[in-house]
Every structure is written in C-alpha cells, then in structure tokens.
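This report describes a protein model from its computed geometry. Please view the sequence and structure below before reading on.

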Amino acid sequence: MTPILPKATQPTTTQPKTKLPGTPPLAGATRALPPIETMVRATLERDASYEGTFFLGVTTTGIFCRPGCPARTPRRENMVFFPLAEEAMIAGFRACRRCHPLEPRGATPDWLRSLLEEIEQNPDQRFKDGDLRTRGLVPERVRRWFQAQHGMTFHAYQRARRLGRALGEIQNGGDLLGSAFESGFDSASGFAEALSKLAGVTPGEARQSTTVVVDRILSPLGPMIAAATDDALHLLEFANRRMLETQFLRVVRATKGVLVPGSNAIIDQVRRELDAYYSGKLRTFVVPCAMPGTEFQEAVWNELRQIPYGETRSYAELARAVERPTAIRAVGRTNGDNRLAIIVPCHRVVGADGSLTGYGGGLWRKQRLLEIEGARTPPPAAGATSKKS
Ligand SMILES: [Zn+2]
C-alpha cells in the first residue's frame with residue numbers, strides 16, 4: 001500500500017495568485033499549496049473557486065481531480081494534494097473523467113480532444129511530430145497549447161503520463177518483482193518495460209544482473225523515487241525533477257544492475273528516515289548509500305554531507321573546501337548531479353549573497369527544505385490565502 005501523506009506536514013506556505021484557466025504558470029516559480037485545511041474544506045464543499053490552486057488525488061481510486069469536481073467526495077484520509085497536474089500524474093494518478101483536470105475548463109479545443117483521448121488510452125506510445133501530422137495536427141500548435149495550459153512541453157506531458165502509469169504499477173511492487181523476473185520483462189508491466197528499455201538491458205542480461213529495486217515514496221513535497229540494491233540506496237529524487245532518466249541511467253551504469261519495481265529493507269529504512277526528517281525529528285540520515293562518481297565528484301558530495309543541518313554554504317565556500325577554489329562552476333554542476341536528494345544536502349548550497357539558486361527539484365522545494373531545517377524562515381502569510389465564508 002502506498003503510504004498516505006503525513007497530513008500535518010503538507011506544505012502550508014502561501015499560495016501564488018489564483019491561476020486563471022489558460023494562464024501559463026511561471027516556470028520555476030514557487031508553486032506552494034494553500035493550507036491543508038483550506039484544501040480539505042474546498043474539496044468537501046466542492047468549491048470550484050479554488051480552481052487552479054491545487055489538484056486533489058484520491059488514494060483509494062488512483063484518480064486526481066480539480067477542486068469542485070462533482071464526483072463522489074472522498075474521505076479526508078484518502079486525499080492528497082498536488083500543486084501541479086504533472087505531479088499528480090507522476091505520482092501515478094489518472095485524470096478524472098468527470099472534471100477532466102488536464103483540460104482547462106471550457107478551453108480544450110476540439111482539434112485536440114482526440115489526441116488527449118488517444119494518449120490516455122495508450123500512454124506508452126510516443127507521439128512524434130510525424131505522428132501528429134498524420135492526425136492532421138500542427139506540432140507547433142500542440143506544443144504551444146501544452147505549454148500555455150499546463151506549463152509543460154508536450155514531451156514532458158507524455159513523459160509524465162508514461163512515468164505515472166509505470167509508477168502506478170509499483171503499488172504491488174513485491175509481486176511485480178517476482179513476475180517481472182520470471183517473465184523476463186515480457187509482462188505487460190509498463191514500468192519494467194520502460195525502465196528496462198531505458199537501461200538497455202535484455203531479459204537474458206536482466207536475469208544475471210544485480211537487482212535495483214525502484215519504489216516511490218510520497219512526501220509532503222511531492223512524490224519521490226528511490227532506487228536501492230540490497231545493501232545501499234543509489235537514488236533518491238523528486239519524481240518530477242529534470243533529468244530523472246539521466247540519473248537512472250547513471251545508476252544502471254554504476255551498479256551494472258537492472259531496475260525493477262519493488263521495495264526492500266533499504267527503501268523501508270529511507271522511508272522511515274524521510275518521515276522523521278520531514279517532521280523535523282531527524283537531522284542525519286544513516287541509511288547506507290552509494291553514489292560512485294569521479295574523484296572530484298565524490299569529494300564535492302562528501303563535502304556536502306559535512307554541511308551541518310540548519311546551515312548553508314556558498315558554491316565558492318564549497319569549492320574552497322575541496323581545495324579547488326576556482327572550480328566554482330564545476331562544483332555547481334556536481335551539485336546538480338547529486339542523485340541522493342536531501343540525504344546529500346545539495347539544497348544547503350546557496351548563492352554568494354544567500355539567494356536560492358538552481359535546484360533540480362525546483363526552487364520552491366529548496367526553500368521548503370531549508371525551512372524545515374530552520375535555515376530559512378517561511379515567507380509572510382499575510383493576506384495571501386483567499387478565505388471565504
Ligand atoms: Zn473529478
């Protein structure tokens with residue numbers, strides 16, 4: 001069973017201005033959620049005025065909705081909330097057929113409807129420009145629509161849908177692990193297929209390889225993906241971070257392993273430690289980790305782990321610490337290549353003036369992580385939440 005989000009620790013920072021349908025969200029901007037009580041109430045009251053501020057996932061049905069959906073109201077303990085439709089998809093939720101959360105209200109043009117339905121029926125198909133043209137669609141127009149409506153590219157949308165479907169199958173990870181091996185990935189498991197393709201591993205090779213189990217962990221900052229062998233954690237990432245596939249490939253290369261959906265004791269331990277971290281009770285992760293890299297990368301990553309909880313360092317300080325004071329850029333890049341989010345705390349590295357700079361999982365997450373650790377204070381909440389009576 002998928003763990004339910006710890007309710008008390010869901011993001012409760014202020015929300016950005018209510019997004020009007022058709023208004024593209026600002027790329028990389030903070031997308032925090034309204035307070036949890038507000039979202040629960042809006043859901044129970046089917047208050048459509050919260051349109052655009054959050055999406056609701058229902059864990060019992062695996063479906064996600066927009067606020068105000070007329071479908072049956074879920075029980076509170078089965079609600080999870082997402083700032084972006086993309087995150088709900090990656091967490092394995094399917095779009096509701098009543099409220100069509102991927103279609104801005106009244107804005108889905110007829111010319112696009114059949115494509116959306118086709119993707120929904122066959123998420124594993126990759127639609128290239130030529131495929132769009134044979135359906136009488138102008139690729140550029142399709143891309144513009146997705147960018148404008150969902151703030152993501154058509155490519156990102158398809159990827160989110162595939163990954164979400166695949167990860168949705170992880171829920172029965174234990175069984176899938178066995179069956180995926182027995183069938184040599186010939187089963188219908190989208191996840192196994194997607195990941196073995198990604199890894200370039202044939203079924204025969206798979207049987208001889210190290211097993212790297214991949215599971216998702218729901219967190220207050222959105223779904224995370226963990227990958228582990230029997231003795232170490234190799235990857236922990238926010239599911240919608242950029243370059244997730246690349247990071248998976250690096251794990252495959254480093255372990256010479258094959259990725260299969262499932263869980264093990266290492267992942268159980270990560271899940272427990274993350275729970276404790278998010279609730280402010282854990283400062284140092286002790287789960288065994290493995291992240292081989294070049295000598296320089298390993299030096300930087302080791303140095304990152306020396307930054308105490310609750311503190312930050314600049315890139316220049318980090319470069320000096322690894323005795324490469326002029327390699328600030330390389331240090332930044334290595335920071336971004338970190339595959340163990342939170343555990344190797346690359347979020348504790350900030351600009352020379354203290355400003356938050358790049359973070360693979362999104363700047364809003366960097367901000368929230370530093371808030372959890374007490375290294376940043378939350379932005380003032382005054383008046384930003386639209387309370388109605
Ligand atoms: Zn719905």
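## Basis and overall fold

The model is predicted: local features require pLDDT of at least 70, side-chain atom pairs count only at pLDDT 80 or more, and totals for chains, interfaces and linings use all residues. Residues are numbered from 1 along each chain as its sequence is written, and side-chain values use heavy atoms, with hydrogens and water left out.

The protein comprises 15 helices and 10 strands, where helices (H or I, at least four residues) and strands (E, at least two) are DSSP runs numbered from the N terminus. Of its 389 residues, 53% count as buried; buried means under 20% relative accessible area, exposed over 50%, and partly exposed in between (1.4 Å probe, protein chains only). Among contacts between residues at least 6 apart in sequence, 64% join residues at least 24 apart, a contact being heavy atoms within 4.5 Å.

The ideal angle for four tetrahedral donors is 109.5 degrees.

C65 is buried at 7% relative accessibility, and C96 is buried at 6%.

## Packing of α12 and α14

Helices α12 (residues 295-306) and α14 (residues 328-336) have axes 10 Å apart and pack at an angle of about 75 degrees. Axes are lines fitted to C-alpha atoms, for helices over the stretch in contact, and angles run from 0 to 180 degrees between N-to-C directions. The two helices are therefore roughly perpendicular, the class for angles of 65 to 115 degrees.

On the α12 side, F296, Q297, V300, W301 and L304 meet A330, V331, T334 and N335 of α14. These residues divide into 6 nonpolar, 3 polar and no charged. Ala, Val, Leu, Ile, Met, Phe, Trp, Tyr, Cys and Pro count as nonpolar, Asp, Glu, Lys and Arg as charged, and the others, Gly among them, as polar.

## Individual loop residues

H347 is located in the loop between α14 and β10 (349-350) and is buried, at 0% relative accessibility. Residues up to four places away in sequence aside, H347 touches Y277, I342, Y359, K366, L369, L370 and E373. The C-alpha atoms of H347 and L304 are 9.3 Å apart, with the two residues 43 apart in sequence.

Most residues other than glycine have a negative phi. H100, in the loop between β4 and α3, has a positive phi near 45 degrees and is partly exposed at 33% relative accessible area. E323, in the loop between α13 (315-321) and α14, has a positive phi near 60 degrees and is exposed at 69% relative accessibility.

Note on methods. Angles under 35 degrees count as roughly parallel, over 145 as roughly antiparallel, 65 to 115 as roughly perpendicular and the rest as oblique.
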